[in-house]
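Please consult the sequence and the model while reading.

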Amino acid sequence: MAKVGNRQNKTLVCTECNHENYRISKNVKNTPDRLEIKKYCAHCRKHTTHKEKK
């Protein structure tokens with residue numbers, strides 16, 4: 001069985017309109033720094049960078 005506690009649920013926020021659009025699970029032990037991914041924002045109606053919420 002896998003260890004419990006390494007994966008945490010994180011929220012991605014659009015950098016242009018500040019809407020919380022996506023929720024992802026991330027392994028905190030392997031990637032300690034914040035994610036920054038280009039994804040589609042339905043509010044802006046275009047692809048923008050989404051950053052991990054504090």
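**Fold and a buried histidine**

From the N terminus on, the protein's elements follow the order β-β-β-β. This is a predicted model, in which local features need pLDDT of at least 70 and side-chain atom pairs count only at pLDDT 80 or more, while totals for chains, interfaces and linings use all residues. Residues are numbered from 1 along each chain as its sequence is written, and side-chain values use heavy atoms, with hydrogens and water left out.

Q: How many helices and how many strands does the secondary structure come to?
A: Helices (H or I, at least four residues) and strands (E, at least two) are DSSP runs, numbered from the N terminus. On that basis, the protein comes to zero helices and four strands.

Q: In what order do the four strands form the sheet?
A: Two strands pair if DSSP finds at least two bridges between them. The pairing is antiparallel and the sheet is open, with the order S2-S1-S4-S3.

Q: Which strands stand at the edges of the sheet?
A: An edge strand here has a single partner strand, so one side of it is left without a neighbour in the sheet. This applies to strand S2 (20–27) and strand S3 (36–41).

Q: What is the bridge partner of Lys10 in S2?
A: Strand S1 (residues 7–14) runs antiparallel to S2, and seven bridges join them. In S2, the partner of Lys10 is Ile24.

Q: Is His50 buried or exposed?
A: His50 is found in strand S4 (residues 46–52). Buried means under 20% relative accessible area, exposed over 50%, and partly exposed in between (1.4 Å probe, protein chains only). With a relative accessible area of 0%, His50 is buried.

Q: Which residue's side chain is joined to that of His50 by a polar contact of 3.1 Å?
A: A polar contact is a pair of N or O atoms within 3.5 Å; within protein, one must be able to donate a hydrogen and the other to accept it, and residues adjacent in sequence count only if both atoms are side-chain atoms. The side chain of His50 reaches the backbone oxygen of Thr48 at 3.2 Å. The side-chain partner at 3.1 Å is Asn21.
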